[in-house]
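Please keep the structure open while reading.

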Amino acid sequence: MNNIELKSITKNYKATCALKDISLIFEEKRIYGLLGRNGAGKTTLLNLMTNRIFPTHGHITLSDQPITENDALLERIFYMTERNLYPESMKIHEVFRWTKTFYGNFDLNYANGLCKKFDLNPNKKIKALSTGYNTVAKLIVALASNAELLIFDEPILGLDAHHRTLFYKELLAQYIKTPKTIILSTHIIEEIADLLEWVVILGNQTVLINESVSSLLERAYTVTGKSSDVEAFIQNKNFIGLEYLGNYCKATLLETPNTETLETIHQIGLEKSKVGLQELFIKLTDIGGVLHEIPKIG
Amino acid sequence: MNIDFGSQIPIYLQISQSIEDDIIRDIFEEETQIPSTTEVSLNYNINPATIAKGFNLLVDEGILYKRRGVGMFVAKDAKKTLIKKQKDHFYDKYVVHLLHEADKLGIHIEDIVKMLTGGPEYE
């Protein structure tokens, strides 16, 4: 099994704790979404998993072997970072050739084909690329790497709608052709929600959610109605958000409603709705409830 | 096959329901092959596991069947079975909702009957 396993990982940067005692398994051949607010520790987690930084405590394995300084294992992981790590004066086709020396399975024909699809000139230098095309270049290298594990940190930064759709399609096509573990770390949740099979949500230096997207969304729901009715309904229930608009109230709950609950909803005359992944994420990570305050105007 | 990403219905159910509708509308005919999970997945950019979940619901119901190495086919009599199934659901799906809305607005049953039998000229 090509699982990546993190065991009791803690990462401190001097006095600041970035991740606290995290244990997680990324199972092989799944598409994961790694979500979290800015500063939640997503990039720290990815850097740890690819041996770019070291944990303060705990250890990480791939196929049950420690990844620390293990080049043979690290060659099986391709990590597309948010920052540009290629030399500015390097041309794109040189980046391809250079990548091939580290990733033996790098598919040059596929990379060149992708350049055509994305309309990227491989003779251009890295420094001549716009933000969007810089991302395109990095995506092509990642997609063509043929690594068993693909990790993308903010893969759609600066991409136009056409390029984003093209990326999703190529990624899925690759995944269907040769199933591999894919981790997508992004803030653009709504667009990728249906690509994902599994979601990991980080917050408060720890793992808030580690669950299949379908089971998570199946147990989340909202009820709306008269404030007093909604307030009475949510007593002793696991609600994660409460919004008011005059006498109207919307509560977001995270627990599978049983038959009795459904009956109650119907009796009181509340409206029950499904919650999307992005909205659920916002509710789960809205520390202090600032989103529920309506800004004063004038 | 029509998927509405803003819909209240989970994607896998939308997949199975839209295949059902397409069979009833003769878009997918009996004993013919329907698009593969790969095609649907790449067309809508949806995880193939979600698509497979929707397809498998219909396999379990005997509406679709797999031909090993070829793909997914519409079963014989699928249309007849689906029409019966959707007729059974018609009350729950449409009539209950209609009565609920009518109750909210204070519309009497007799008026609903008039609307239904009077057609667009009602009022």
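**Where the chains meet**

1. In chain B, 17 residues are in contact with 16 residues of chain A. Contact means heavy atoms within 4.5 Å. B:Leu42, B:Asn45 and B:Asn47 supply 44% of the area that chain B buries against chain A, more than any other three residues. The area buried between the two chains is about 1300 Å². Carbon and sulfur atoms give 53% of that area. Buried area is the accessible area (1.4 Å probe) that two parts lose on being put together, summed over both.

2. A word on the basis. This is a predicted model, in which local features need pLDDT of at least 70, side-chain atom pairs count only at pLDDT 80 or more, and totals for chains, interfaces and linings use all residues. Residues are numbered from 1 along each chain as its sequence is written, chains are lettered from A and ligands numbered from 1 in the order in which they are written, and side-chain values use heavy atoms, with hydrogens and water left out.

3. Chain B has 5 helices and 2 strands. Their order along the sequence is α-α-α-β-β-α-α. Helices (H or I, at least four residues) and strands (E, at least two) are DSSP runs, numbered from the N terminus.

4. Now the dimensions of chain B. Its radius of gyration is 18 Å, whereas a compact globule of 123 residues would have one near 14 Å. The radius is taken over C-alpha atoms, and the globule rule is 2.2 Å times the number of residues to the power 0.38. Along the principal axes, the C-alpha atoms of chain B fill a box of roughly 55 × 30 × 25 Å.

5. How much of chain B is buried? Of its 123 residues, 28% count as buried. Buried means under 20% relative accessible area, exposed over 50%, and partly exposed in between (1.4 Å probe, protein chains only). Among contacts in chain B with a separation of 6 or more, 53% join residues 24 or more positions apart.

6. Chain A contains 11 helices and 14 strands. Its C-alpha atoms fill a box of roughly 65 × 45 × 40 Å, taken along the principal axes. Of its 298 residues, 48% count as buried. Residues 24 or more positions apart account for 67% of the chain A contacts with a separation of 6 or more.

7. A:Arg97 counts as exposed because its relative accessibility is 57%. A:Asp160 is 63 residues away along the chain, and the two C-alpha atoms are separated by 27 Å.
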